[in-house]
Amino acid sequence: MKTKTTKIIYWAGAIFMSLWFGASGFFELTKNPVVWDITRQLGYPPHFIYILGVFKISGVLVLLLPNRLMRLKEWVFAGMFFDIIFAFFSKIAVLGFPATIDAIVAFSVLTMTYLMFRKLYSTELVFGEA
């Protein structure tokens with residue numbers, strides 16, 4: 001795969017996931033009733049929802065910085081994976097399998113985005129080159 005194609009796939013995925021997590025973080029911080037009701041139904045306490053919102057917004061900001069904070073982006077991807085995996089298992093346990101479709105889509109897009117990220121930036125991450 002050519003570098004240009006890899007960059008297009010990476011940035012399309014990064015923007016999609018940033019919109020997804022940015023909206024989610026915003027709704028958590030503004031106490032949107034739909035998001036809060038589902039999250040409370042899954043058994044999470046209110047203080048956790050606020051913390052999740054702050055970290056999602058912070059992660060989106062890091063993810064959208066081009067060619068900066070590469071090691072921190074690795075952590076952002078890890079945090080997004082954990083969020084999606086926890087959402088998947090929480091929803092499957094409480095709401096059933098049909099409620100997990102969004103987590104499956106997010107996991108698929110995030111996986112492809114992360115693979116393109118590693119393909120583009122593995123040298124910078126390993127050797128600290130920029």
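This passage describes the packing of helix 1 against helix 3 and helix 4. The model is predicted, and local features require a pLDDT of at least 70, side-chain atom pairs count only at pLDDT 80 or more, and totals for chains, interfaces and linings use all residues. Residues are numbered from 1 along each chain as its sequence is written, and side-chain values use heavy atoms, with hydrogens and water left out.

Helices are DSSP runs (H or I, at least four residues) numbered from the N terminus. Two packed helices are described by the angle between their axes and the distance between the axes. Axes are lines fitted to C-alpha atoms over the stretch in contact, and angles run from 0 to 180 degrees between N-to-C directions.

Helix 1 (residues 3-29) packs with helix 3 (residues 46-63) at an angle of about 150°, and their axes are 8 Å apart. The two helices, helix 1 and helix 3, are therefore roughly antiparallel (an angle over 145 degrees). Their crossing is left-handed, that is, the near helix is turned anticlockwise from the far one by less than a right angle. Contact (heavy atoms within 4.5 Å) involves residues of helix 1 including Y10, W11, A14 and F21, and residues of helix 3 including I49, Y50, L52 and I57. By class, this contact of helix 1 with helix 3 has 13 nonpolar, five polar and two charged residues. Ala, Val, Leu, Ile, Met, Phe, Trp, Tyr, Cys and Pro count as nonpolar, Asp, Glu, Lys and Arg as charged, and the others, Gly among them, as polar.

F55 also lies in helix 3. F55 is exposed, with a relative accessible area of 60% (exposed is over 50%, buried under 20% and partly exposed in between, with a 1.4 Å probe and protein chains only). The C-alpha atoms of F55 and F21 are separated by 9.6 Å, the two residues being 34 residues apart along the chain.

Helix 1 and helix 4 pack at an angle of about 55°, with axes 13 Å apart. Helix 1 and helix 4 are therefore oblique to each other. Helix 1 passes helix 4 in a left-handed crossing. Y10, M17 and F21 of helix 1 make the contact with K73, F77, M80, D83 and I84 of helix 4. This contact of helix 1 with helix 4 has six nonpolar, no polar and two charged residues.

Among the buried residues of helix 4 are K73, F77, M80, D83 and I84. Helix 4 is followed by G96, whose phi is positive, near 100°.

Methods: Parallel < 35°, antiparallel > 145°, perpendicular 65-115°, else oblique.
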